[in-house]
Every structure is written in structure tokens, then in C-alpha cells.
Amino acid sequence: MKRIAILALQGAFAEHEQMLQYLGAETMQIRNLADWNEFMDGSQKTGDYSGKGLVIPGGESTAMMRIMRDEELFQPLQTAIRAGLPVFGTCAGLILLDKQHLDTMNITALRNAYGRQLGSFYAEADFKGIDTSIPMTFIRAPYISEAGAEVEVLAKVDGRIIAARQDNQLVTAFHPELNDDTRVHAYFLEMVK
């Protein structure tokens, strides 16, 4: 059984939880350091993250960063991701994994790249590793303005990078949890060994 921690500080964490449970994963909402330590259950000491993963959902990245620091989650999350814990960041989660924030993925995110709420839109595009195009819902979305050589670009819309992978890290600028298509979450669960 794969166990996925979902950072539940704000944003669309419940939708991720429903989709992951539908795919057969066990989930746990993380709101504070005690939740994280319970989920890790000694994994950080041993470095064995077998069957475990983390989802950082969309939301407001500045608020999420502040709450992570207030709840003393910043360092433990950064350490675990750098040590190989599979992580999936959507929208604000993409921003939080970039060089300016948790600094675990060699990307630079451009916040609110498509404008505010009225800049939200829907698209369909190809996603590397998934055979056909997938639905993509963008809400005040970022995109990746710079990606290091070790970053694999998985999808683009209008020439902009909106999905990428670097080793154990997967990011999307869109919200796959807001559609019925489960393939991006299934792709992430394949990363959780």
C-alpha cells in the first residue's frame, strides 16, 4: 500500500486526497510537525522512503511558505525531498519546490504568470509519459520560466513549460485534481516505489 502525505495547510488538498484514495493509495493530511513525524515514522532517520510520497497542493504560495515555517515543517520537508522522498507539487506546490523557496528542484517559477483569477483557463495538451493529451485546469497559474539541464520537460502550453520532472520530483502548473482524469496522479504513484 502506498502512503501519501498531503500538505493540508490550505488549497485544494481534499481533491488530491479523493483522487489518490480512488487510485488505491492511503493518505494522511499534514498540518504540523507532529503530523509529519507520525507519517514519517522514523523514515527520515533511516532514509528509507519506500512506499511513501508527498503532495504539495495549490493554494497561495506565500501563505503556505509562512505556515510551513511557523509549523516548523520547512526544514523536514526540504530534507526528505532532497533525500529522495517522491513529491508532487501542483500550482503553488510547483512554486514551493523552485530555487527561491524549498530549493529542491532546479527550476524558476513565474507566479501568477497568466494573471489573476480572470486569467484562469482550461486547455488540453500532451503530457510526456501519458499516451494522449490530458485536461488541464489553470487557476492563477505559474509556469516554469527556467529549467536546469537535469529537469525533464513533460508538457508545454503556448510554448511555456507547465509540467516537469526532476528525479523524485513532479510538478504541474495546472490542477489535475480538479478534473476526472486520474492519469497524472497515477503517474506520480508510479514514482512512489
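Reply: Here are the labels, each set against its rule. Keep in mind that this is a predicted model.

Me: Why is aspartate 41 called exposed?

Reply: Its relative accessibility is 63%. Exposed means over 50%. Aspartate 41 therefore counts as exposed. It sits in the loop between α2 (33-40) and α3 (43-46).

Me: Why is cysteine 91 called buried?

Reply: The cut-off for buried is under 20%. Cysteine 91 has 5% relative accessibility, so it counts as buried. Cysteine 91 also lies in a loop, between β4 (87-90) and α6 (92-97).

Me: What makes the phi of aspartate 41 worth a remark?

Reply: Most residues other than glycine have a negative phi. Aspartate 41 is not a glycine, yet its phi is positive, near 45°. Cysteine 91 has a positive phi too, of about 55°. Glycine 24 follows α1, and its phi is positive, near 95°.

Me: What do the buried residues of α1 pack against?

Reply: The helix covers residues 13-22, and its buried residues are Phe13, His16, Glu17, Met19 and Leu20. They pack against β1 (3-7), β2 (26-30), β3 (52-56), β4 and α7 (183-191).

Me: How do you know that aspartate 70 and arginine 66 form a salt bridge?

Reply: Look at the distance. The closest N and O atoms are 3.7 Å apart. The rule asks for a side-chain nitrogen of Lys or Arg within 4 Å of a carboxyl oxygen of Asp or Glu, so the pair qualifies. Both residues lie in helix α4 (residues 61-70), four residues apart, about one turn of the helix.

Me: What makes aspartate 103 and arginine 82 a salt bridge?

Reply: Their closest N and O atoms are 3.4 Å apart. The limit is 4 Å, so the pair counts. This pair links distant parts of the chain: aspartate 103 is in the loop between α6 and β5 (107-110), arginine 82 is in helix α5 (residues 74-82), and they are 21 residues apart. Aspartate 103 is partly exposed, at 35%.

Me: How do you know that lysine 128 and glutamate 152 pair as well?

Reply: The closest N and O atoms are 3.1 Å apart. That is within 4 Å, so the pair is called a salt bridge. Lysine 128 is in the loop between β6 (121-127) and β7 (130-138), and glutamate 152 is in strand β9 (residues 152-157), so the pair ties together parts that are 24 residues apart in sequence. Lysine 128, at 48%, is partly exposed. Glutamate 152, at 31%, is partly exposed too.

Me: How many salt bridges does the rule give?

Reply: The count comes to six.

Me: Which residues lie nearest the centre of the largest pocket?

Reply: They are Gly59, Glu60, Cys91, Ile139 and Arg140, out of 17 lining residues. The volume of this pocket is about 250 Å³. By class, the lining has seven nonpolar, six polar and four charged residues.

Definitions and conventions
Residues are numbered from 1 along each chain as its sequence is written. This is a predicted model: local features need pLDDT of at least 70, side-chain atom pairs count only at pLDDT 80 or more; totals for chains, interfaces and linings use all residues. Side-chain values use heavy atoms; hydrogens and water are left out. Helices (H or I, at least four residues) and strands (E, at least two) are DSSP runs, numbered from the N terminus. Buried means under 20% relative accessible area, exposed over 50%, partly exposed in between (1.4 Å probe, protein chains only). Contact means heavy atoms within 4.5 Å. On a 1 Å grid over the protein atoms alone, a cavity is a set of points where a 1.4 Å probe fits but cannot get out, and a pocket is an open set with protein on both sides within 12 Å along at least five of seven lines; lining residues have an atom within 4 Å of a point. Grid points are joined across faces, edges and corners, and a volume is the space filled by probe spheres set on the points. Ala, Val, Leu, Ile, Met, Phe, Trp, Tyr, Cys and Pro count as nonpolar, Asp, Glu, Lys and Arg as charged, and the others, Gly among them, as polar.
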